[in-house]
Amino acid sequence: MANLNFVVVFLLLSLFGSSPLGIFKPSSCSEDQSRANIKCIYTERQALLSFKKGVTDHLGRLSSWVGEDCCQWRGVECNNQSGHVTKLDLSCKKKRYRQLCSFGKISSSLIHLKYLNYLDLSWNNIAYLHNPGVFGMLENLMYLSLFHAQFPKEILPHLGNLSSLMHLDLHRDSFNMEVPDLHSNSFNMEAENLDWLPSLSSLRYLDMGGRNLTGA
């Protein structure tokens with residue numbers, strides 16, 4: 001009977017978190033509240049504001065980028081424990097009309113988002129990058145989509161630095177799409193070489209449909 005009582009007491013202690021073995025320990029209200037209060041990192045908020053300042057945003061897609069907590073901004077997601085920005089979804093929502101939205105000039109401020117692992121710039125016209133190698137500096141990037149995006153071809157060789165990249169979408173189809181200047185060398189859809197591709201050792205998905213690869 002004594003052994004039975006010991007077993008019952010042991011089980012009750014385990015269930016309610018008082019066991020020294022720590023078999024079950026429910027999270028406290030204070031812990032949950034502290035996680036809810038996590039704000040974005042100041043330097044990363046400044047980087048996003050610098051990005052916003054440098055781009056053309058006629059549709060007001062970044063109009064919510066105000067206030068202290070960048071984790072609440074449209075298209076921005078943060079790690080709920082560290083507060084670091086991990087995801088930017090800036091894809092153009094006008095894609096159903098087969099038109100490009102314009103982000104114009106993009107600054108190099110994105111390199112300060114060191115924990116970014118997801119970047120979607122689909123259906124955007126990226127006219128100019130202050131530093132063509134900016135994408136290649138996002139070392140933790142695992143997902144990059146430039147689906148139907150117009151961008152300078154100079155960024156391609158720098159993508160080889162993204163050894164953690166698992167998903168790369170560079171699909172481009174100019175059929176029935178509004179483009180600012182089809183004859184501009186800056187927007188040439190031809191890939192001169194693919195020497196950078198084997199460096200993407202983690203890659204699981206690749207789409208380069210619509211790109212002219214004859215030169216490569």
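Which residue does a disulfide join to C40?

1. The disulfide from C40 runs to C70, with an S to S distance of 2.5 Å.

2. As for its place in the chain, the C40 and C70 pair links distant parts, the two residues being 30 apart. C40 belongs to the loop between helix 2 (29–36) and helix 3 (42–54), while C70 belongs to the loop between helix 3 and strand 1 (76–78). Both C40 and C70 are buried.

3. Searching the whole structure gives three disulfides. One of them joins C71 to C78, with an S to S distance of 2.1 Å, and this disulfide is left-handed, because the torsion about its S-S bond is about -100 degrees. C71 and C78 are both buried.

4. C92 and C101 also form a disulfide, in which the sulfur atoms lie 1.7 Å apart, a value that I would quote together with the reminder that the model is predicted. C92 is buried, as is C101. When the bonded cysteines are numbered in sequence order, the pairing reads 1-2, 3-4, 5-6.

5. UniProt, in an unreviewed entry, lists residues 43–79 as "domain: Leucine-rich repeat-containing N-terminal plant-type". In the model this span is 32% helix and 8% strand, and its end C-alpha atoms lie 15 Å apart.

6. How is H84 placed, buried or exposed? H84 lies in the loop between strand 1 and strand 2 (85–89), and it counts as buried because its relative accessibility is 17%, the cut-off for buried being under 20%. The side chain of H84 makes a polar contact of 2.7 Å with the side chain of E44. Leaving aside neighbours within four places in sequence, the residues in contact with H84 are I41, E44, E77, C78, N79 and Y115; among them, C78 is the disulfide partner of C71.

7. A polar atom of the S145 side chain lies 3.5 Å from the backbone nitrogen of F147. Apart from neighbours within four places in sequence, S145 is in contact with L119, D120, L121, S122 and D169.

8. Turning to the chain as a whole, the secondary structure comes to three helices and eight strands, and the order along the sequence is α-α-α-β-β-β-β-β-β-β-β. Of the 216 residues, 39% count as buried. Among contacts between residues at least 6 apart in sequence, 66% join residues at least 24 apart. The accessible surface of the chain is about 12300 Å², and carbon and sulfur atoms account for 54% of that surface.

Notes:
Residues numbered from 1 in each chain as written. Predicted model: local features only at pLDDT ≥ 70, side-chain atom pairs only at ≥ 80, totals over all residues. Heavy atoms only, no water. Disulfide = S-S within 2.5 Å. Helix = DSSP H or I, 4+ residues; strand = E, 2+ residues; numbered from the N terminus. Buried < 20%, exposed > 50% of the residue type's maximum accessible area, 1.4 Å probe, protein only. UniProt positions renumbered as here; feature names shortened; annotations may be inferred. Polar contact = N/O pair within 3.5 Å; in protein donor to acceptor, adjacent residues only side chain to side chain. Contact = heavy atoms within 4.5 Å. Areas by Shrake-Rupley, 256 points an atom, 1.4 Å probe, with all protein chains shown as cover.
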